[in-house]
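Let's take a walk through a protein model together. Have a look at the sequence and the structure first, and then we will go through them step by step.

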Amino acid sequence: MYQHLKIEERGAVAIMTISAPKSLNALNSTILGEMDDFLTHLDCNRFRCLIVTGDGEKSFVAGADISEMANLNMQEGNAFGAKGAAVFRKLETLHLPVIAAVNGFALGGGCELAMACDIRICSDNARFGQPEVGLGIIPGFSGTVRLARLVGMGMAKQLIFTGKPIRADEALRIGLVNAVVPQAELMDKAIELANQIAANAPLAVKAAKRCINDQYDMDADAAIQNENVFFGRCFATEDQKLGMKAFLEKGKYEFQSK
Ligand code: CO8
């Protein structure tokens with residue numbers, strides 16, 4: 001049992017809710033440690049998708065915990081940044097697709113957490129931003145890395161240099177989120193999306209995630225070759241054989257992750 005994480009199961013979908021109501025779900029060392037533990041032990045064979053969200057209707061995650069950071073020295077700052085970055089990387093490379101259901105403020109470390117997920121959808125009251133320079137620091141949980149990759153360098157620099165938050169519709173416009181829905185419908189929408197993913201061949205979904213992630217930094221020839229390796233491996237799975245057979249026989253096949 002965790003102090004600040006609520007874990008739920010909805011069939012093949014796991015839901016991790018970050019809960020620290022007094023600080024709008026700001027991330028402190030305890031929460032980062034709990035997330036690390038959860039991600040380490042999550043059974044990626046049993047589940048087919050993970051949803052990450054924040055408790056309440058106001059905030060996804062309002063950043064890293066400023067009260068914990070206020071008195072850090074340089075080494076401690078490095079260590080705290082490295083801890084958050086490692087947990088977020090674990091999420092990004094998890095052997096499961098991850099959806100961020102952003103239910104309010106996603107500021108600083110909260111925006112960085114959402115960006116470490118594979119897909120982001122948000123409620124209409126969501127606000128995204130990287131306000132760190134207004135506190136004398138820079139985004140330290142890999143925000144300078146992922147924001148530019150997601151929205152392009154010009155927009156990333158504007159968001160990070162000004163520190164100004166943007167609304168959900170603007171986040172949609174610049175491609176930071178894939179969809180905006182009314183707050184009351186957010187979790188239903190996230191679960192619907194997760195179930196659409198969960199209905200597909202799990203090994204193929206995992207291979208596709210791995211390819212997209214790993215190939216991002218490769219040159220085109222290496223990337224195409226890498227995809228071909230994973231494509232070939234699909235033909236060694238039972239799900240490919242039985243899934244294609246069912247299609248040709250106009251039947252239905254439930255993928256087994258084999
Ligand atoms: N850390 C700690 N406490 C927080 C945080 C936070 N990030 N955000 C909110 N809280 C607390 C407030 O202090 C307040 O506590 P209290 O009730 O005891 O006064 C409570 O949550 C409620 O907040 P507000 O009263 O401020 O609520 P409002 O509705 O007025 O405002 C805001 C909501 C706009 C979200 C406002 O709380 C805010 O601006 N929060 C800070 C947002 C921010 O700057 N986030 C970025 C933090 S820096 C960061 O994330 C760096 C990541 C990389 C770290 C690298 C490490 C080296």
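How exposed is Arg149, in terms of relative accessible area? Arg149 is partly exposed, with a relative accessible area of 43%. On this scale, buried means under 20% relative accessible area, exposed means over 50%, and partly exposed lies in between (1.4 Å probe, protein chains only).

Before we go on, a word on where the values come from. This is a predicted model, so local features need pLDDT of at least 70 and side-chain atom pairs count only at pLDDT 80 or more, while totals for chains, interfaces and linings use all residues. Residues are numbered from 1 along each chain as its sequence is written, and side-chain values use heavy atoms, with hydrogens and water left out.

Now let's see how the chain is divided. The domain assignment gives domain 1 (5–198) and domain 2 (202–248); such bounds come from an automatic or database domain assignment. The C-alpha centres of the two domains lie 27 Å apart. Where they meet, 14 residues of domain 1 are in contact with seven residues of domain 2, contact being heavy atoms within 4.5 Å.

How much area do domain 1 and domain 2 bury between them? The value is about 780 Å², with 51% of it on carbon and sulfur atoms. Buried area here is the accessible area (1.4 Å probe) that two parts lose on being put together, summed over both. On the side of domain 1, Arg48, His95 and Arg149 lose the most area to domain 2, and together they make up 51% of what that side buries.

Next come the charged pairs. Side chains of opposite charge can pair when their charged atoms come close. The rule for a salt bridge asks for a side-chain nitrogen of Lys or Arg within 4 Å of a carboxyl oxygen of Asp or Glu. By this rule the count comes to twelve salt bridges, and the count between domain 1 and domain 2 is two.

Here we meet Arg149 again: its side chain and that of Asp217 form a salt bridge (3.2 Å, N to O). This pair links distant parts of the chain, with Arg149 in helix α5 and Asp217 in the loop between α9 (202–215) and α10 (220–234), 68 residues apart. Helices are DSSP runs (H or I, at least four residues), numbered from the N terminus. Asp217 is exposed, with a relative accessible area of 58%. In another salt bridge, Asp118 pairs with Lys209, and the closest N and O atoms are 2.9 Å apart.

Which residue forms a salt bridge with Glu92 at 2.7 Å between the closest N and O atoms? The partner is Arg146. Glu92 lies in helix α3 (residues 74–92) and Arg146 in helix α5 (residues 143–151), so the pair ties together parts that are 54 residues apart in sequence. Both Glu92 and Arg146 are buried.

Further along, Lys245 forms a salt bridge with Glu249, the closest N and O atoms being 3.4 Å apart. Lys245 is partly exposed at 46% relative accessible area, whereas Glu249 counts as exposed at 53%. Salt bridges that share partners also join Arg89, Glu92 and Arg146 into one network.

Our last stop is Ile224, which has its place in helix α10. Ile224 counts as exposed, at 57% relative accessibility. The C-alpha atoms of Ile224 and Thr30 are separated by 41 Å, and the two residues are 194 residues apart along the chain.

Definitions and conventions:
Helix = DSSP H or I, 4+ residues; strand = E, 2+ residues; numbered from the N terminus.
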